[in-house]
Amino acid sequence: MKSNPVSYQSAPAEVGVYDCEIRLKFRLLEEKKALGDREQLLELLLDAFACGADEYLEPLQVYVTAEEIPEVEASPQMRRQLIRLRNSNDLA
């Protein structure tokens with residue numbers, strides 16, 4: 001008895017443009033020197049929050065929203081990337 005492989009056809013992935021807002025408030029135990037460089041500070045804070053609560057991090061507030069917006073409100077660069085994604089076989 002032969003088995004036939006099942007054909008798999010996926011629907012193209014839907015992509016859109018979203019306005020996202022994240023507000024985090026937490027307490028963190030950290031070296032004072034680590035808080036000097038703003039870009040490095042943001043990376044450090046996001047890494048700490050992603051690792052989750054422990055004895056060094058205490059979440060106080062978390063607020064997250066994501067709202068789809070019309071494509072015409074996106075920058076030209078983002079619209080071009082959206083077109084590339086929609087035309088790509090990688091998303092299928």
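1. For the patch described here, nonpolar side chains are joined within 5 Å, and each residue has over 30% relative accessible area and no salt bridge. The model is predicted. In it, Ile22, Leu24, Leu42, Leu46, Val62 and Val64 make a nonpolar surface patch of about 550 Å².

2. Three elements each contribute at least two residues to this nonpolar patch: strand 1 (17–28), helix 1 (38–51) and strand 2 (57–69). Among the patch residues, leucine 24 belongs to strand 1. Its relative accessible area is given as 30%, and leucine 24 is therefore classed as partly exposed.

3. The length of helix 1 agrees with expectation: its 14 residues should span 20 Å at 1.5 Å a residue, and its end C-alpha atoms are 20 Å apart.

4. One aromatic pair is found in a search of the whole structure. It consists of phenylalanine 26 and phenylalanine 49, with ring centres 5.1 Å apart; the planes are at 35°, so the pair counts as tilted, since stacked requires planes under 30 degrees apart and edge-to-face over 60. Because phenylalanine 26 is in strand 1 and phenylalanine 49 is in helix 1, the pair ties together parts 23 residues apart in sequence.

5. Phenylalanine 26 has 18% relative accessibility and so counts as buried, the cut-off being under 20%. Phenylalanine 49, with a relative accessible area of 22%, is partly exposed.

Note on methods
Residues are numbered from 1 along each chain as its sequence is written. This is a predicted model: local features need pLDDT of at least 70, side-chain atom pairs count only at pLDDT 80 or more; totals for chains, interfaces and linings use all residues. Side-chain values use heavy atoms; hydrogens and water are left out. Patches are made of residues with over 30% relative accessible area and no salt bridge: like charges are joined within 9 Å, nonpolar side chains (Val, Leu, Ile, Met, Phe, Trp, Tyr) within 5 Å. Accessible areas come from the Shrake-Rupley method with a 1.4 Å probe; for residues, only the protein chains shown count as cover. A salt bridge is a side-chain nitrogen of Lys or Arg within 4 Å of a carboxyl oxygen of Asp or Glu. Helices (H or I, at least four residues) and strands (E, at least two) are DSSP runs, numbered from the N terminus. Buried means under 20% relative accessible area, exposed over 50%, partly exposed in between (1.4 Å probe, protein chains only). The expected span of a helix is 1.5 Å times one less than its number of residues. Rings of Phe, Tyr and Trp (its six-membered ring) pair if their centres lie within 6.5 Å; planes under 30 degrees apart count as stacked, over 60 as edge-to-face and the rest as tilted.
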